[in-house]
Amino acid sequence: MKKKNLRPAGIAAAALAAVLALSGCGSTSAASSTENNPYGLIQPGTIRVASLGDSKPYTFADASGNFTGFDVELFKDVAHRAGVDNVVFTGQDFSGLLAAVANGQFDAGVAAIGITDKRKETVDFSDGYLAGYLTVITTKTSGITNVDGLAGKRLGVVQGTLQEAYAVKNFTSASLVRFPDNNTAIAAVNSGTVDAHFLDYEAAKAYEDQHGLVSAADIPSFDAPAGFAVAKGKTAFKEALNKGLAAAMEDGTWKKLYQKWFPGSPMPKQYLPKAEQTASASPAPSK
Ligand code: SNW
């Protein structure tokens, strides 16, 4: 403002415009922020999601650049139940994803993100929707057939993942090589720059199929089920997502998506409709 050399009339007009803009924001927006934007979205009616382009089959960009996968379709279904059909996914490096949600660049983070106490210092999470394994993937000829085989080897991890934290703690005799994303790490496995890569189970399976790689170890990560990340304090948004998630599980949508994206993987019970959980836990007596 100071630099602009406005004539008095210009100043008056600018001041008036500013006052009008402020008063416009004042009285109507307090009401409209809850009426038209109950979830506190960046742009009312649109959910902007930070995701990953190369974590197939959880989240990935297809040949035409559209985001799809289990997490993507589940989130869209849940968003629809929460009344929002316009969901825009953007690929990020995993290491910056939670910070980007926390600082308001995105409304949500969706990328098989395990819920941990550490991450809860940065963001809030929805209820969990997936609990599986972390997998060490390698070539058929590396000679690595279990975690002991990692001693003295170069192991890739994507920066900021649970795999990185787990490897730092448990694979102390391996040399860790940090990558920004899975595609780069898998390229390094294929070229022999690293001996193995440590990533999520279903993504590992997809790369195994694509490149003829093999799993050397599957490590349970059931204590950190994946959840949708939202900025802290967006309680109405989080509650709406939780309500939608519960409904998607109860009416079989979650199961349908699981079977579509993870064919052949063992079906976990905890996210199935309640009737099916009970049915398998204790079969109903025949009449
Ligand atoms: O903790 C697991 C969870 O049990 C399920 O198997 C889905 O993946 C996890 O959330 C772990 N995912 C990693 C993480 O949260 C890597 C995420 C990614 O590469 N997109 O750090």
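**Sheet and pockets**

Three strands make an open sheet, ordered β2-β3-β4, with antiparallel pairing. β2 and β4 (67–68) are the edge strands, each with a single partner, so one side of each has no neighbour in the sheet. Strands are DSSP runs of E, at least two residues, and helices are runs of H or I, at least four residues, numbered from the N terminus. Two strands pair if DSSP finds at least two bridges between them. β2 and β3 (residues 59–61) run antiparallel and are joined by two bridges. D54 has F60 in β3 as its bridge partner.

The model is predicted: local features need pLDDT of at least 70, side-chain atom pairs count only at pLDDT 80 or more, and totals for chains, interfaces and linings use all residues. Residues are numbered from 1 along each chain as its sequence is written, and side-chain values use heavy atoms, without hydrogens and water.

β2 (54–55) also supplies at least two residues to the lining of the largest pocket, as do β8 (133–138), α5 (162–170), β11 (196–200) and α7 (201–211). In all, 39 residues line the largest pocket; Y58, G132, Y133, D200 and Y201 lie nearest its centre. A pocket is an open set of 1 Å grid points where a 1.4 Å probe fits, with protein on both sides within 12 Å along at least five of seven lines; lining residues have an atom within 4 Å of a point.

The second largest pocket also draws on α5, which gives the most to its lining, with six residues. α4 (117–120) supplies at least two.
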